[in-house]
Amino acid sequence: MSFNLLVLTCLGYVVLLFAVASAAERAAVAGRAGWLRSSLVYTLSLSVYCTAWTFYGAVGYAARSGLEFMTIYLGPTLVFVGWWLLLRKLVRIGRENRVTSIADMISARYGKSNVLGVIVTLLCITAGAPYIALQLQSIAQSFTVFVSDPESSPLATDTILIAFWVAAGLAFFAIVFGTRSLDANEQHPGIVTAIAVEAVVKLLALLAVGVFVVWFVATGPGDILSRIDTQALPEWEIQPGRWTGLILLSAIAIICLPRMFQVTVVENTEDRHLATASWAFPLYLFLISLFVLPIAVVGMELMPAGSNPDMFVLTLPLHLGQDGLALLSFLGGFSAATSMVIVASLALATMVSNHIVVPLWLRARSARQRDTGDMRLLVLSVRRLSICFILGLGYLYYVITGGSAALAAIGLIAFVGVAQCLPALIGALYWRGASRNGAALGLVAGMAIWLYTLFLPSFGPDVFLSARVMESGPFDIAWLRPYNMFGLTTLDPLLHSLFWSLMANVIAFCVGSILSFPSAIERVQGALFVDIFNRPGTARSWTRPMAEAEDLLPMAQRIFGATEAQAFFRAQAELQGKQGFLPDITPEFLEALELKLAGSVGSATAYAMLAQTVGTSVVSVDDLMAVASETAQIMEYSAKLEAKSEELSLTARKLREANEKLQTLSVQKDAFLSQISHELRTPMTSIRAFSEILMDAEGISNEERTHFAQIIHDESIRLTRLLDDLLDLSVLEHGQVQLNIASANLHDLIDKAITASKSVQAERQFVLHRNRDSEDVQIVTDTGRLTQVFINVLSNSRKYCDAAEPQMRIKVRRRGEMVEVDFIDNGSGIPREQDALIFEKFSRLTDSMQAGGAGLGLAICREIMHNLGGEITYVPGQGGAAFRVVCPLKLRARDNAAQPASDSTEAPE
């Protein structure tokens with residue numbers, strides 16, 4: 001096949017993956033993600049473990065070392081079958097704490113320490129570079145092997161250039177589907193579904209080649225066994241010590257590799273998925289490894305001497321004239337490599353943004369001002385750049401080393417690197433006494449020895465380590481030679497590095513934890529992690545808050561966006577039994593907000609952001625001891641008493657709030673009745689007085705008679721308007737209003753409302769900011785009633801906005817089948833203690849005589865929007881008074897016999 005045709009085939013395959021990922025993303029957004037969250041998709045996504053190393057390198061590994069390649073599959077099998085409880089605990093902790101990566105998990109457990117997050121991030125990036133290089137190398141080699149005409153393109157034999165363009169394409173895919181938005185759980189249904197499809201492709205490809213080799217090249221399993229006996233090499237002899245070490249290494253890798261942590265923990269939504277994967281994933285590994293040895297044996301027999309065994313899966317079908325099978329094999333290897341690179345780069349980019357860039361940015365901003373600005377674009381931009389940077393590191397490793405003759409060797413280097421996370425991770429799950437200092441010491445010690453004994457030597461002599469250091473040790477100290485530390489010469493370099501690095505890691509971790517005392521937050525987090533399945537409730541780490549909800553809402557809006565943040569705050573307020581957007585700042589609320597923030601920026605960054613806004617409010621050691629002592633005593637009295645106490649407290653608080661509200665309304669109602677009597681008496685007195693004058697017609701000129709009649713007319717209109725408002729509110733409250741439904745453009749309704757409201761304090765210069773394109777929305781509703789609401793909001797703003805140069809922004813957004821219209825002025829807004837009362841009858845924020853109203857306007861607006869199937873709410877934290885009107889795009893007609901209470905679209909006062 002020509003190079004250009006092969007490239008087109010790859011592009012077509014990538015377009016198919018784009019289509020699958022896009023469909024999955026749309027289904028998730030539309031709420032049809034049930035099948036995306038199935039146990040089958042979850043299990044298939046775990047196949048990201050099976051990279052190009054598995055697809056190509058396992059055959060080469062088998063050709064060189066016989067059955068030793070099975071150790072790479074036995075380790076994960078033992079973990080999913082025998083260590084299922086460990087995985088279940090890991091997944092449960094990750095889900096409840098909104099963990100976004102393995103660095104986030106370790107950071108969250110050890111006092112939400114960002115220093116630990118940085119160490120783990122740097123370790124994983126360093127270990128990931130060789131692994132990404134392995135994938136780029138395998139794809140580049142498969143291109144050069146598959147191309148029949150090397151002269152068809154300048155790229156056909158240039159593996160370095162092929163690897164570059166492959167890295168660029170994979171970076172683009174990961175950016176498009178991995179950094180489109182900040183998800184509250186850091187889950188990516190599009191990418192997971194695409195990986196599941198790739199899992200099927202690579203499994204079918206390897207099975208197809210295996211079936212062809214066993215039954216169409218050989219004569220069946222018996223023939224294969226005889227060929228194995230014939231081709232067996234001395235190197236194929238099983239070495240129990242090496243097997244044990246490699247099984248342990250692969251078992252650690254299935255837990256600690258960033259990409260495996262991403263799909264196993266972060267993308268998990270239910271425990272039952274893990275239960276299914278405990279048998280289904282080992283079955284997948286069995287099937288994908290079933291024909292590895294037969295392919296290796298037949299390839300050794302039929303392929304020319306000097307052929308690269310890592311490419312037997314591809315070159316053997318080509319050699320035997322099976323071009324279609326070879327193309328399927330090529331796509332299988334392409335799938336294996338691309339899925340690993342995409343998930344690994346995404347996981348590492350999340351770690352870089354959450355633990356390095358964003359904390360540095362927060363620290364720099366806090367040194368100048370408290371406001372942290374809009375962080376969504378910052379986080380997404382950092383992750384996109386990080387993906388490019390990480391793939392660039394992998395490409396650079398490939399260029400510097402020139403690739404490896406054995407793909408398996410590169411993968412094992414990465415395995416030993418990520419294995420350094422295991423002691424801190426196991427300590428996080430099972431040892432309450434494990435401390436941040438111990439974890440940091442262990443990670444640094446293990447990483448240093450891995451770098452010196454395995455990673456740096458992998459570049460070859462005289463690159464990072466001189467040939468003299470590698471042969472004689474630094475300063476000719478023989479017992480410090482990288483491959484023979486402390487005179488240990490019986491192990492190969494891989495197991496030698498694994499032994500010394502894990503030993504140093506475990507010793508430093510244990511000693512550091514024993515000699516240091518965990519901080520209060522470490523002890524709280526330790527209890528949460530270790531007792532995840534049997535703790536009676538969630539321990540709290542926030543006390544004595546030093547901020548108000550108004551301070552936290554802007555920060556949340558910068559991370560989630562205004563709509564999602566306001567919905568979260570409203571939901572929390574409803575849980576507390578409060579009206580409006582703003583909840584009370586309680587430890588429960590702060591923990592809920594911290595968890596939601598952690599899903600987007602990581603636990604350490606979320607904790608730092610809250611601490612920066614709320615202030616120093618973490619429990620002290622004395623507080624923790626007191627709380628623990630009191631809790632132990634209280635638990636003796638039974639959980640039922642505590643539940644009843646909480647229920648009574650909540651009821652008492654609600655009654656208190658209701659009583660305060662009733663008292664406020666009672667005062668306002670008395671004032672209202674006093675004003676109403678005055679308002680009614682004044683026009684009636686005028687009407688009576690001037691009527692009596694007109695009755696005595698003697699001595700009255702025609703001009704005076706006309707003037708007195710006009711006064712009587714105006715006072716009658718004033719009286720009628722007040723009565724209309726009262727009747728209108730009564731009709732609306734009882735649902736007896738007849739809606740006149742018609743189609744109209746929202747833009748026209750806003751224009752009418754603006755024109756009608758200009759009569760209110762017409763002398764004020766009021767600047768309006770609008771987006772006419774967004775207002776171009778066709779709606780079907782009672783246009784008169786909706787316009788009445790708009791007029792009221794605009795009129796109130798003209799009357800009450802206290803800015804020297806009053807302005808108003810009108811923002812329109814479509815939300816599914818609903819449309820939102822925000823009216824936001826630049827005044828001082830409404831005080832928090834009054835924002836829950838403004839929609840009540842008789843409620844006024846200023847003296848009614850000055851405001852010119854009786855406090856019925858917003859109450860009428862509320863009832864109108866209720867009858868129109870929408871709502872009107874006050875939105876705090878927007879820089880002024882902000883009202884949001886929400887209504888359906890299409891209102892269905894209702895059978896209502898009552899006539900409209902009023903056809904007027906004038907603003908109620």
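# Working chat: rings, helices and a sheet

Q: How many aromatic pairs does the structure hold?

A: The structure holds 20 aromatic pairs, and it should be kept in mind throughout that this is a predicted model.

Q: OK, what about the rings of F55 and Y56, how far apart are their centres and what angle do the planes make?

A: The ring centres of F55 and Y56 lie 5.2 Å apart with the planes at 90°, so this pair is edge-to-face.

Q: Are F55 and Y56 buried or exposed?

A: F55 is buried, and Y56 is buried too.

Q: And W431 with F509, what sort of pair is that?

A: W431 and F509 form an edge-to-face aromatic pair, with 5.7 Å from centre to centre and 85° between the planes.

Q: Where do W431 and F509 lie in the chain?

A: W431 belongs to the loop between α19 (422–430) and α20 (436–455), whereas F509 sits in helix α22 (residues 493–515), so the pair ties together parts that are 78 residues apart in sequence.

Q: Which class of accessibility does each get, W431 and F509?

A: W431 has a relative accessibility of 30% and therefore counts as partly exposed, while F509, at 4% relative accessibility, counts as buried.

Q: Which residues do ring pairs link into a cluster?

A: Ring pairs link Y13, F143, F330 and F334 into a cluster.

Q: Switching to helices: how do α3 and α15 cross?

A: Helix α3 (residues 52–65) and helix α15 (residues 312–319) have axes that come within 9 Å and cross at roughly 80°, and the two helices are therefore roughly perpendicular to each other.

Q: Which residues meet there, between α3 and α15?

A: On the α3 side they are F55, Y56 and V59, and on the α15 side they are F312, V313 and L314; by type, the residues of this contact divide into six nonpolar, no polar and no charged. F55 and Y56, which take part in this contact, are also the two residues of the edge-to-face ring pair with centres 5.2 Å apart.

Q: What about α5 and α12, at what angle do they pack?

A: Helix α5 (residues 84–96) packs with helix α12 (residues 258–266) at an angle of about 75°, and their axes are 9 Å apart, which makes α5 roughly perpendicular to α12.

Q: Which residues make that contact?

A: From α5 come L90, V91 and G94, and from α12 come F261, T264 and V265, and the residues of the contact divide into four nonpolar, two polar and no charged.

Q: Now the sheet, what is the order of its strands?

A: Five strands form an open sheet with mixed pairing, in the order β2-β4-β5-β7-β6. The edges are taken by β2 (767–770) and β6, each of which has a single partner strand, so one side of each is left without a neighbour in the sheet.

Q: By how much are neighbouring strands turned against each other?

A: On average, neighbouring strands of this sheet are turned by 15° against each other, with direction ignored.

Q: Why is β7 described as largely enclosed?

A: Seven of the seven residues of strand β7 (residues 882–888) are buried, so this strand is largely enclosed by the rest of the structure.

Q: Which way do the residues of β7 point?

A: A882, R884, V886 and P888 point one way from β7, while F883, V885 and C887 point the other way, and all are buried. In a regular strand the side chains alternate between the two faces of the sheet.

Q: How many bridges join β7 to β5 and to β6?

A: Strand β5 (residues 818–825) is joined to β7 by seven bridges, and strand β6 (residues 871–874) is joined to β7 by four bridges; β5 and β7 run antiparallel, and β6 and β7 also run antiparallel.

Q: Last one, what does the whole chain come to in helices and strands, and what share is buried?

A: The protein chain comes to 34 helices and seven strands, and buried residues make up 54% of its 909 residues.

Notes
Residues are numbered from 1 along each chain as its sequence is written. This is a predicted model: local features need pLDDT of at least 70, side-chain atom pairs count only at pLDDT 80 or more; totals for chains, interfaces and linings use all residues. Side-chain values use heavy atoms; hydrogens and water are left out. Axes are lines fitted to C-alpha atoms, for helices over the stretch in contact, and angles run from 0 to 180 degrees between N-to-C directions. Angles under 35 degrees count as roughly parallel, over 145 as roughly antiparallel, 65 to 115 as roughly perpendicular and the rest as oblique. Contact means heavy atoms within 4.5 Å. Ala, Val, Leu, Ile, Met, Phe, Trp, Tyr, Cys and Pro count as nonpolar, Asp, Glu, Lys and Arg as charged, and the others, Gly among them, as polar. Buried means under 20% relative accessible area, exposed over 50%, partly exposed in between (1.4 Å probe, protein chains only). Two strands pair if DSSP finds at least two bridges between them. Rings of Phe, Tyr and Trp (its six-membered ring) pair if their centres lie within 6.5 Å; planes under 30 degrees apart count as stacked, over 60 as edge-to-face and the rest as tilted.
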